[in-house]
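Look over the structure first, then read the points below.

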Amino acid sequence: MKTIDWTPDRASPIPLHKQIEEYIRAKILHGEWTVGTVIPSQRTLAETFGVNRSTVVEALNELSSLGLLEGKTGGGTRIVNTTWSLMASSPPTDWQSYVSAGISQPNMPTIQEINLAEFVPGIIRLGTGELAPELLPDDDILQLFQSRTERKLALGYEEPKGNLFLRQQIAGRLKSIGIQAAASSILIVSGALQALQLISIGLLGKESTILAENPSYLHSVPVFQSAGMKLQSLPMDDDGLETWLVPTYQKQYKASLIYTIPTFHNPTGLVMPEQRRQQLIRLCNEERLPIIEDDVYRELWLDSPPPLPLKSFDQNGNVLYIGSLSKSVSPGLRIGWLVGPEPVIERLADVKMQTDYGSSALSQWAAGEWLAGGRHDMHLARLRENLRNRRDHALEILERNFRDIARWRKPSGGFYIWLRLEKPVSMRSLFEQAKKAGILLNPGPLYDRSAADYLRISYSYASLQELEKGLTILSGIIREHLTASSQG
Ligand SMILES: Cc1ncc(COP(=O)(O)O)c(C=O)c1O
């Protein structure tokens, strides 16, 4: 019960507290707000409804006297529903117990909060891992749908591995980065995240262990944990994953897979040099440890093209390779791909059919057409120029405002600057205070629990003006927190 997309009508003759009472009463009686849940605090409700706290108190008191709410000291106000009408009929379903019994783990609370706050009008998104709306090629995509192509628009179901024409286009592009893969070794997925989910439920047993870099994007999505698996962190240095540790970790943890983002790593922006890539391939072959290579940022190089992917050095079919259109074209298309040995791809295609019967045929059609013409490369050239400008601007603002309180590296591609504060601060408080000031942050602990001295700053979403304003305000808020942490 986190979304309240309603405010009382100030022009109405009905008093504000009565309108609020009616709103909450309807939510409870229609079962949208379930028995047992704690409602937001009076202060939060007052802010959300845009009224005084006393107005909220008046409404809540009335609802309590009707037997719909119950206040517990220290435990917030809970929905109880002991009204006569409901007591007379059968008791309502306890949806709360279903919600907590579900197999899938919830996202971290901060991630849930970010997912909602991203849509608050006017908020400055300083951590978002997404292209700004003005960087998305909407006119070009619209044109695709309006133009006549040789291939009929696809409105039916697709074959299990996905639209063949799209897979052929992807196979052609993979060749240019040293990956030999036939269309039959490619599975179209609804974004890279779905590839991870399919791997977790289609290839691994419960209790499996996955090795992953620390920090990592993977620590921010409980996809493997929801399937009953554990993540084990591997350290990184300036060249990425410390590959020579793999044998020791493997002996200790007997992992089923290693997950890595060797190119424009999320959140550090690091790139693993070629020599280390080859070493990782060799060590993992020796250890018989398959690799998931998450390569969704590859095309977003800003200075020079990155080394070839791990998959291009893989002679043994030991690498499952993941790509996506989300970071370079459109996250809304939900189109990604997974490349691997045919038996793996067939197994995961079968699991995918059970899951969603294929990714949107319309999106697959558009993606195929998009990659077939010269559009993609023209778009990438423009995008790189724009992102380069944003990156340089963000670095220049950091230089002016953060020189004495933080350190960072210049990323050579991707979206992120991994900002290290002079010392750890209360990240919860920093997040909340920034949010109050209209700035949305991605705190370091989302990617590494112990990274209370890091923030993931992104230059892909906020405009240049927003970057200037947001980072300047943020520098002030961080300074207050650093002082507080010295005194504390
Ligand atoms: C490393 C990495 N992998 C996968 C994803 C998910 O991408 P998609 O939108 O293709 O599911 C992200 C998105 O942030 C990411 O950073």
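A crossing is left-handed if the near helix is turned anticlockwise from the far one by less than a right angle, and right-handed if clockwise. The model is predicted: local features need pLDDT of at least 70, side-chain atom pairs count only at pLDDT 80 or more, and totals for chains, interfaces and linings use all residues. Residues are numbered from 1 along each chain as its sequence is written, and side-chain values use heavy atoms, without hydrogens and water.

**Helix pairs**

- Helices (H or I, at least four residues) and strands (E, at least two) are DSSP runs, numbered from the N terminus.
- The axes of helix H11 (residues 246-253) and helix H12 (residues 274-287) come within 10 Å and cross at roughly 30 degrees.
- H11 is therefore roughly parallel to H12 (angles under 35 degrees count as roughly parallel).
- H11 passes H12 in a right-handed crossing.
- Helix H15 (residues 375-402) and helix H17 (residues 464-487) have axes that come within 10 Å and cross at roughly 30 degrees.
- That makes H15 roughly parallel to H17, and their crossing is right-handed.

**Leu-155**

- Leu-155 lies in the loop between helix H7 (138-146) and helix H8 (164-175).
- Leu-155 counts as exposed because its relative accessibility is 69% (buried means under 20%, exposed over 50%, partly exposed in between; 1.4 Å probe, protein chains only).

**Asp-239**

- Asp-239 sits in the loop between strand E7 (236-237) and strand E8 (240-241).
- At 33% relative accessibility, Asp-239 counts as partly exposed.
- The C-alpha atoms of Asp-239 and Arg-276 are separated by 8.1 Å, with the two residues 37 apart along the chain.

How values were computed: Axes fitted to C-alpha atoms, helices over the stretch in contact; angles between N-to-C directions. Parallel < 35°, antiparallel > 145°, perpendicular 65-115°, else oblique.
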